[in-house]
Amino acid sequence: MTTLTLVCGKNGALRSCKASGHADYAAKGYDIVCAAVTILIRTAMQTLSETDGVVFHADAVERGFLAFEVAAASEEKVERLICMADFLEHGFSSLQSEYPQFVKLQKQILD
């Protein structure tokens with residue numbers, strides 16, 4: 001199972017995102033659930049990397065683990081981080097609804 005952890009501030013702004021584990025929906029290289037999780041997170045990371053005023057750190061040290069954390073963001077970029085959190089939450093929720101035995105979403109709200 002892939003466990004997805006989405007951490008946001010009280011204002012809804014994205015703080016961090018982590019995917020760990022393998023969905024095991026299909027064989028390595030053919031797993032559409034893992035592919036969907038990967039493309040959602042990579043799209044978020046690519047978007048943030050091209051956003052001036054946002055600093056984040058990514059971690060993909062091993063297969064089956066992908067994470068990033070927003071280290072700093074200018075006040076003007078808070079709306080973008082809120083939108084990114086919504087994007088990820090909707091995508092992950094959709095996967096969890098369709099593949100509940102392969103995906104588990106955990107959301108945390110921090111002060």
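Predicted model: local features only at pLDDT ≥ 70, side-chain atom pairs only at ≥ 80, totals over all residues.
Residues are numbered from 1 along each chain as its sequence is written, and side-chain values use heavy atoms, with hydrogens and water left out. Local features need pLDDT of at least 70 and side-chain atom pairs count only at pLDDT 80 or more, while totals for chains, interfaces and linings use all residues.

**View 1. A salt bridge joins Asp 111 and Lys 10.** A salt bridge is a side-chain nitrogen of Lys or Arg within 4 Å of a carboxyl oxygen of Asp or Glu; by this rule, the count is 2. Between Asp 111 and Lys 10, the N to O distance is 3.3 Å. Asp 111 lies in the segment after strand S5 (103-110) and Lys 10 in the loop between strand S1 (2-9) and strand S2 (14-20), so the pair ties together parts 101 residues apart in sequence. Strands (E, at least two residues) and helices (H or I, at least four) are DSSP runs, numbered from the N terminus. Both residues, Asp 111 and Lys 10, are exposed (exposed means over 50% relative accessible area, buried under 20%, partly exposed in between; 1.4 Å probe, protein chains only).

**View 2. Glu 89 forms a salt bridge with Lys 107.** The closest N and O atoms of this pair are 2.8 Å apart. Glu 89 belongs to helix H2 (residues 78-98) and Lys 107 to strand S5, 18 residues apart. Glu 89 is partly exposed, at 24% relative accessible area, and Lys 107 is partly exposed at 41%.

**View 3. Gly 9 is a buried residue of strand S1.** Its relative accessibility is 2%. The C-alpha atoms of Gly 9 and Leu 110 are 4.8 Å apart in space, although the two residues are 101 apart in sequence.
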